[in-house]
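Welcome to a short tour. Please open the model in your viewer and get ready to select a few parts.

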Amino acid sequence: MQSATAQSGTAQSMRDYLVNHLREYGLLFALIAVMVFFQITTNGTLLRPVNITNLLLQNSYIVIMALGMLIVIVSGNIDLSVGSVMGFIGALAAVLIVSMGLPLMLAVVICLVTGGLIGAAQGYWIAYWKIPSFIVTLAGMLVFRGLSLWLLQGQSVGPFPREFQVIATGFVADPFPAAWGQSLAVMFGERNVNVLALLTGVVAAGVIVWLGVKKRARNASFGVAGEPFLFFVIRNVIIAAALVFITFKLASFRGLPNVLLTMGILTIIYAFLTENTVIGRQIYAVGGNEKAAKLSGIKSERLTFLAFVNMGVLAAAAGLVFAARLNTATPKAGFALELDVIAAAFIGGASMSGGVGKIVGAVVGAFLMGVLNNGMSIMGIGIDYQQMIKGLVLLAAVIFDVYNKSKRA
Amino acid sequence: MQPLLEMRAISKTFPGVKALDRVNLSVAQGEIHAVVGENGAGKSTLMKVLSGVYPAGSYDGEIHYDGELAAFRSIRDSEARGIIIIHQELALVPLLSIAENLFLGNEITRNGCINWHETTQRTRALLAKVGLRDAPTTPVEKLGVGKQQLVEIAKALAKDVRLLILDEPTASLSEADSDALLQLMLELKAAGVTQIIISHKLNEIRRVADNITVLRDGATVSTLNAATDQITENRIVRDMVGRDMENRYPVRQRRAGAPLMEIENWSVRHPDFPDRHVIKNVSFNVREGEVVGIAGLMGAGRTELAMSIFGQSYGRDITGEARINGKPVRLHTVSAAIAAGLAYVTEDRKSLGLILEESVQRNISMANLKAVAKNGLLNEARETQVAEGYRKSMNIRTPSVFQQVMNLSGGNQQKVVLSKWLFSEPAVLILDEPTRGIDVGAKFEIYGLINELSAQGKGVVIISSEMPELLGMCDRIYVMNEGAIMGELTAQDASQERIMSMIVTKSEKV
């Protein structure tokens, strides 16, 4: 009898926990559900190694920009210019490298610095003159779209030299002896296995689980009722399994794409920056309540300015990846892409009013959109329906947020 | 006589918390009924149940209104029956005129168009009832808080109110405005409007209330009748906190050391109207271990003075000298002010003091993140320890330091703000209305804290509109009016009358 009540008590607390954290679980399960759905409807094409590689390459520039966008949104702003800035930097890279023949490294540095300057120019008006970011970056969107057209004289410029294309389309060489890969290939019945790729996945999964356990232990030591153990296990098993699964697929194709490495490293850096540093914490404070943050000695103007500088640099990086992937710079590059980037941040749980949002959420949000795009394209669904469905997904995610909040209040 | 309202055995549970536990409330026709209790005692929840914010079915118990069982599903339902609640945070649209606000959502129309003629006439009549003489076309933002409160009441009257609920109506009013409001309540009572008042100000309650219901921890403790019971403030306080509270201002060993902060010839211009001086040549000082009060009416410039000193957070063209420990300091930014040893606890904790969506822990560390970080990297374990320390020492009532501060009651929120500033290790604390809108128990704790700070040799400046508080707590009191210091009184010389007369006589002379 007593154990029955105890059990219903834990069930109750588990349900409470689930209700309070529905958002985080919801995002993870939505991604899984969408992948399973398309895996079935595309007869297994979705998770074929070549398609997974493709999916990562296709969404890399959105993910890179989503990192910066999340910070901008957390600080209580928005950046509508990123698509245009990305296109403009691609054009600049083409002119510098293809037309002028500048050394690659120099051209890349010039492009990133230009991106930072563009961010600084916009951030200056937003941070120090208090002009709404919506307006400043709307203007920026038009200006840089025009500048790319002018720079390219309306033409496409390309192709880029091989060494530049590698940024987007290259793979990390496997440093391990070929014999290891071959024996693994025999073991799993594949043609080839890239040891580095597989190892990276296993190590990453291990690190994530280890960090999770550490955090759990810390919470427990402060007597905080954390995630129910069952959920903790399920969540970690899913994430670890997914990581190993994906890297295994990659390993059986051509290994780790360079962009995945770039994306992965950037994601880790920004996740760390936002969650574990003073500056990251202060950005959340500014977005949460700027007046209170200012009265606590936080330099809100400077942080807003830096958020935009950072966004500019990341948009430039995305522009380089995009140009390298297409192997040409076109005046239309990046058109309307800012909407995908902003959508990724909001699907990932960022709040329009600022102060709320996580880097990992934005990355998962970007991939959710990416899988939708990819899956629907493989199924042969027309671009008309694709747009409608993506729009509804964004709306649903935000409605879900608002509903959740109102239910808890 | 049958009561107008009878709430029987109302219980309301939130996940994990029992906010109301079989509360009874009976309000007679035509009376003013006061509901008092500490923050978190359940007063607001009870009123939300009554007004339909929590719809019928989401609580247990029965509401009998006007002789029948009522089941309100929304505020609209309860308003249709003449129950109108005026919240602490006023719900007026600042840019619309008085007339537009009065009939908002309830417009007087003819053929679908607003009938401005009748709107204006009815507005005039309503304004006359509440004693306002402003033009119906005046935008509400041009009115002071006191007048806005009266507009809210006029708005209720426009809806044919039968039961008017006032939630802390005088919390942000000056003494004169509060007085006018209480007078108006008595007039409305004479006109037959039944009223419920929620307030922390016991003297006001004693003045207007016919019956007093005391809530504690979500339950009804007692209902006192002004005519038959011997009602003293001590009696009410005892019921509220569940124990006797002999002395509302804890005693302190008074001692004042060397001058800690000196402000000289401080002048500030209005941020939007540079030709207006908001602060005129103000000089004052605080000594080590001293508690100094700044008295004055609403709009006397006290908050503006404090904020202009604290990192030039208010005003422009700030001139004057600030010295800390005898050395001149530049206080041009908030971080410079914090580094110089200042802390400013704002009067508006919700919009200026806290990030409501963030946790207790993150709010406490916000002004001194350096102390929980190394080379710019946060040490969250250390941060949690710090927050836990304040949770215990300040007696912050929260399930954990990871709780969002918006879920805390007003008094506990204020303790979080105070913790934040204590953690920044200031030499001088400026406390702006430190006990506004918080209950007697938490007030007492905050007074105790102020004494503790003074015992540590810190200087404390209290800005308060509650004169008994200043008289009970301070060693010296500066009296401010219209941006200037009118005079200075020592604790022995000060009295409410002397402070008021200083404000009145000197301003006539100016």
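Select helix H4 and helix H6 of chain A: H4(A) passes H6(A) in a left-handed crossing, meaning that the near helix is turned anticlockwise from the far one by less than a right angle. Helices here are DSSP runs (H or I, at least four residues) and strands are E runs of at least two, numbered from the N terminus. This is a predicted model, where local features need pLDDT of at least 70 and side-chain atom pairs count only at pLDDT 80 or more, while totals for chains, interfaces and linings use all residues. Residues are numbered from 1 along each chain as its sequence is written, with chains lettered from A and ligands numbered from 1 in the order in which they are written.

Stay with this pair. H4 spans residues 82-99 and H6 residues 133-152 of chain A, and their axes come within 8 Å and cross at roughly 20 degrees. Axes are lines fitted to C-alpha atoms, for helices over the stretch in contact, with angles from 0 to 180 degrees between N-to-C directions. That makes H4(A) roughly parallel to H6(A) (angles under 35 degrees).

Now show the residues in contact (C-beta atoms, placed from the backbone, within 7 Å). Among them are A:Phe88 and A:Leu92 of H4(A) and A:Phe144 and A:Arg145 of H6(A).

Next, where does chain A meet chain B? Here 22 residues of chain A are in contact with 27 residues of chain B. On the chain A side, H12(A) gives the largest share, 6 residues.

Finally, select chain B, which has 17 helices and 24 strands. Its C-alpha atoms fill a box of roughly 70 × 50 × 50 Å, taken along the principal axes.

Methods. Two residues are in contact if their C-beta atoms, placed from the backbone, lie within 7 Å. Angles under 35 degrees count as roughly parallel, over 145 as roughly antiparallel, 65 to 115 as roughly perpendicular and the rest as oblique.
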